Amino acid sequence: MASDQSTPPLRELRDENCPGCRIERIKASKTGWPLREIVIIWSLVLCTTLPISSLFPYLYFMVKDFNVAQHEEDIGYYAGYIGSSFMLARSVTSVIWGLIADRYGRKRVLLLGTSAMVVANILFGLSVNFWMAVSMRALLGCLNGLIGTTKAYASEIFREDQQALALSTVSTAWGIGLVIGPALGGFLAQPAEKYPNLFPQDSLFGRFPYLLPSLAISIITLAVTIASLWIPEEMTSRDDPCDAPETADASGGDGDGNRAAAEQSLLRNWPLMSAIIVYCVFSLHDMAYSEIFSLWAVSPRKLGGLGYSTTDVGGVLSVSGT
């Protein structure tokens, strides 16, 4: 019994260079509000939200400028492809990014995702036709493994008594992104028409009227990417011997069987699946409102719309996002 009481905690027995152990020591040493961690999570989720929400105020006008719709009432049909390509690509690749994050670490996926967003956002703003816009949005979605990885990272870098704060930070950042994003898209799109003294028609932003909001988001994301270079990695790869103590159960047996059993029963975890279904329904409502309302609001009055400008829609969506 005495030997059991003198045995140091599991984390203290591990290699000093183990990222997971280092995170545990950092969490144990911190007191008070984890402001640094809150800013990290908030910034990463914001970078995920801005490309989604900034598109809707000017999507109708972008499709109209591409001259892909034979009739004006068909613009919403083509706009749906651009708007959904991001989410469709992300839904297909999100599980893959989760597996990569589990295998190689969260930080690598986060840095790759933000770096890809910097480039893909600019390429989307430089789109000259409909198919280029769809392709760039799909590319942005494929390379965006941020939201799931950020949630996992948040649950790991916060102490157990701060888990609720960690996940509420994700929701708060998403909500703020729904305020800032439409404002960026609404006020910065078509700058040569709105601010001719600053952006002449023959300038870069006159030839690419939707580049400025994309460029602004890329600059914000680039700053977050640079700052993320110094965030701590919370785990090692599965091949690292430092992870070996955690894979064994208390009786000394292999924990892989328990993990496999847990994974097999995941789909039969009805409380979890119920929460996922409710989350999907609310997400559908959120995205449907943002896209359908914006397309209706900017449609001409002769087609039953409101005839709003990008600035008007951006302002309305920003207010509703609060």
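Modeller: Before we start, a salt bridge is a side-chain nitrogen of Lys or Arg within 4 Å of a carboxyl oxygen of Asp or Glu. This is a predicted model, in which local features need pLDDT of at least 70 and side-chain atom pairs count only at pLDDT 80 or more, while totals for chains, interfaces and linings use all residues. Residues are numbered from 1 along each chain as its sequence is written, and side-chain values use heavy atoms, with hydrogens and water left out.

Colleague: How many salt bridges does the structure hold?

Modeller: The structure holds four. In one of them, the side chains of Asp102 and Arg106 meet at 2.6 Å, N to O.

Colleague: Is Arg106 buried or exposed?

Modeller: Arg106 is buried, with a relative accessible area of 7%. Buried means under 20% relative accessible area, exposed means over 50%, and partly exposed lies in between (1.4 Å probe, protein chains only).

Colleague: Which residues are linked in a network of salt bridges?

Modeller: Lys64, Glu72 and Lys302 are linked in this way. Lys64 pairs with Glu72, with the closest N and O atoms 3.8 Å apart. Glu72 also pairs with Lys302, where the closest N and O atoms are 3.7 Å apart. Glu72 lies in the loop between helix H4 (59–66) and helix H5 (75–104), and Lys302 lies in the loop between helix H15 (270–298) and helix H16 (310–321), so the pair ties together parts that are 230 residues apart in sequence.

Colleague: And what is the relative accessible area of Lys302?

Modeller: Lys302 is exposed, with a value of 70%. Lys64 is partly exposed at 41%, and Glu72 is partly exposed at 25%.

Colleague: New topic. How many helices and strands are in the protein chain?

Modeller: The chain has 16 helices and zero strands. Helices (H or I, at least four residues) and strands (E, at least two) are DSSP runs, numbered from the N terminus. Of the 322 residues in the protein chain, 43% are buried.

Colleague: How do helix H9 and helix H12 cross, and at what angle?

Modeller: The axes of H9 (residues 163–188) and H12 (residues 211–228) come within 8 Å and cross at roughly 140°. That makes H9 oblique to H12. Axes are lines fitted to C-alpha atoms, for helices over the stretch in contact, and angles run from 0 to 180 degrees between N-to-C directions. Angles under 35 degrees count as roughly parallel, over 145 as roughly antiparallel, 65 to 115 as roughly perpendicular and the rest as oblique.

Colleague: Which residues make the contact?

Modeller: Leu184, Gly185 and Leu188 of H9 meet Leu212, Pro213, Ala216, Ile217 and Ile220 of H12. Contact means heavy atoms within 4.5 Å. By class, this contact has seven nonpolar, one polar and no charged residues. Here Ala, Val, Leu, Ile, Met, Phe, Trp, Tyr, Cys and Pro count as nonpolar, Asp, Glu, Lys and Arg as charged, and the others, Gly among them, as polar.

Colleague: Which residues touch the most other members of the largest nonpolar core?

Modeller: Of its 50 residues, these are Ile41, Tyr58, Ile82, Phe124 and Tyr153. The largest share of this core, seven residues, comes from helix H3 (residues 35–53). A nonpolar core is a set of buried Ala, Val, Leu, Ile, Met, Phe, Trp, Tyr and Cys residues joined through side-chain atoms within 4.5 Å.

Colleague: What does Tyr58 touch?

Modeller: Not counting residues up to four places away in sequence, Tyr58 touches Phe124, Gly185, Ala189, Tyr210, Pro213, Ser214 and Thr310.

Colleague: Where is Thr310 found?

Modeller: Thr310 is in helix H16, and at 1% relative accessibility Thr310 counts as buried. The residues that Thr310 touches include Tyr58, Gly186 and Gln190. Thr310 and Gly186 are 124 residues apart along the chain, yet their C-alpha atoms are separated by 4.6 Å.

Colleague: You mentioned Gln190. What is phi of Gln190?

Modeller: Phi of Gln190 is near 50°, a positive value in a residue other than glycine. Gln190 sits in the loop between H9 and helix H10 (191–194) and is buried, with a relative accessible area of 10%. Asn67 also has a positive phi, near 55°. Asn67 belongs to the loop between H4 and H5 and is exposed, with a relative accessible area of 66%.
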